[in-house]
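Colleague: Please show me the model, and then let us go through some local details.

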Amino acid sequence: MKLSALNLVPIREGQNAQDAIASHIKLAQHLEKIGIERMWIAEHHNMQNLASSSTQLLIMHTLANTQTLKVGSGGVMLPNHSPYVVAEQYGTLATIFPERVELGLGRAPGTDGLTAFALRKGRQHGDFRQEIAELRSYFDGTAEVNAYPAKNVDVPFYILGSSTESAYLAAELGLPYAFASHFAPAMLVDAVKIYRQHFKPSQYLAKPYVIVGVNAIVADSDEEAESLATTQSQFYLNVVTNAQNKLQPPAKSDDALWDEIISSNRSVHFGPVDISELGQHNSYRRLVDKMTGCTLKGTKASVKAQLHALRTQVEFDEIIAQSFIFDEDKQAYSYTLLKEVVDEMN
């Protein structure tokens with residue numbers, strides 16, 4: 001089992017985008033130091049609390065500030081871009097940094113509808129399969145036009161997804177499959193089973209390779225991990241409500257967090273009624289709990305047990321861990337502990 005990392009380059013409270021990018025580089029250097037093989041950066045647009053809109057520029061900046069770490073897109077949202085331009089960009093990156101660039105490909109826009117329209121203004125939303133084939137043709141040098149310097153440059157492709165549809169596609173193309181269970185775990189087991197059952201060996205991959213996305217918060221005590229995890233809860237509440245607040249420090253507890261949220265949003269005084277029983281409170285919390293269902297949280301021993309349990313449910317080759325921890329040193333330490341867990345399990 002391998003361990004890799006995913007980062008959205010969140011902007012912490014008190015930071016600006018420049019600070020967040022500096023924090024990202026600091027984290028990348030730490031990951032390289034502890035022996036993590038790859039770090040991917042996710043593409044998001046029109047989100048004021050994330051600094052990951054220009055993924056290819058962040059990838060180049062990360063590569064330039066590390067020595068051996070493989071850096072890739074988690075992923076390029078292909079409907080937003082011309083495959084020709086993507087080939088030029090990533091072919092250039094792979095020319096400057098040979099054997100260190102990876103290209104994860106997704107079909108979602110990574111944003112809202114209006115922003116998606118602005119991203120591909122004048123372009124039709126093409127078929128994902130056809131766009132992947134077009135992109136591959138530029139690297140293979142089989143297209144009618146050449147995308148220099150991508151021609152004949154080897155950049156590994158990965159199919160990203162959160163549904164069974166992406167599993168069928170990755171299997172048919174004979175490519176590695178990364179499932180977004182760090183925020184959409186519902187179809188994880190079914191999708192991986194489909195991918196493995198239908199996988200067709202290709203010139204790129206002889207046998208199935210599955211990467212599972214997880215949230216990871218590892219600390220010296222379960223209590224500390226629970227406290228640190230309230231930052232994650234606040235982040236995913238942003239996703240549910242589109243609040244786009246910056247990454248927040250930990251709350252006292254998850255229960256206190258939800259009580260505070262519902263109290264601050266209520267416009268009616270309910271007297272003696274327990275506000276935690278109200279539908280809005282419960283629906284927000286249920287949504288966040290559902291999104292974060294694939295979370296490794298606690299001490300090394302706790303996380304090891306959780307990983308064992310996950311492996312009994314789904315067969316995977318690698319976990320890619322995202323960590324929403326406010327304190328940068330504690331975030332780095334969490335990755336160190338997680339790497340130790342994975343090494344011990346191996």
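**Helices and backbone details**

Modeller: Lysine 290 is placed in helix α10, residues 279-291; helices (H or I, at least four residues) and strands (E, at least two) are DSSP runs, numbered from the N terminus. This is a predicted model, in which local features need pLDDT of at least 70, side-chain atom pairs count only at pLDDT 80 or more, and totals for chains, interfaces and linings use all residues. Residues are numbered from 1 along each chain as its sequence is written, and side-chain values use heavy atoms, with hydrogens and water left out.

Colleague: Is lysine 290 buried or exposed?

Modeller: Buried means under 20% relative accessible area, exposed over 50% and partly exposed in between (1.4 Å probe, protein chains only). Lysine 290 has 59% relative accessibility, so the residue counts as exposed.

Colleague: Which peptide bond involving proline 149 is cis?

Modeller: Proline 149 sits in the loop between α5 (128-140) and β5 (157-161). With omega about 0°, the cis bond is the one joining tyrosine 148 and proline 149.

Colleague: Where is the cis bond with omega of about 10°?

Modeller: One of its residues, glycine 75, belongs to strand β3 (residues 70-77). The bond joins glycine 74 and glycine 75.

Colleague: What is the phi of glutamate 99?

Modeller: Most residues other than glycine have a negative phi. Glutamate 99 is in the loop between α3 (83-96) and β4 (101-106), and is exposed at a relative accessible area of 73%. Although glutamate 99 is not a glycine, its phi is positive, about 60°.
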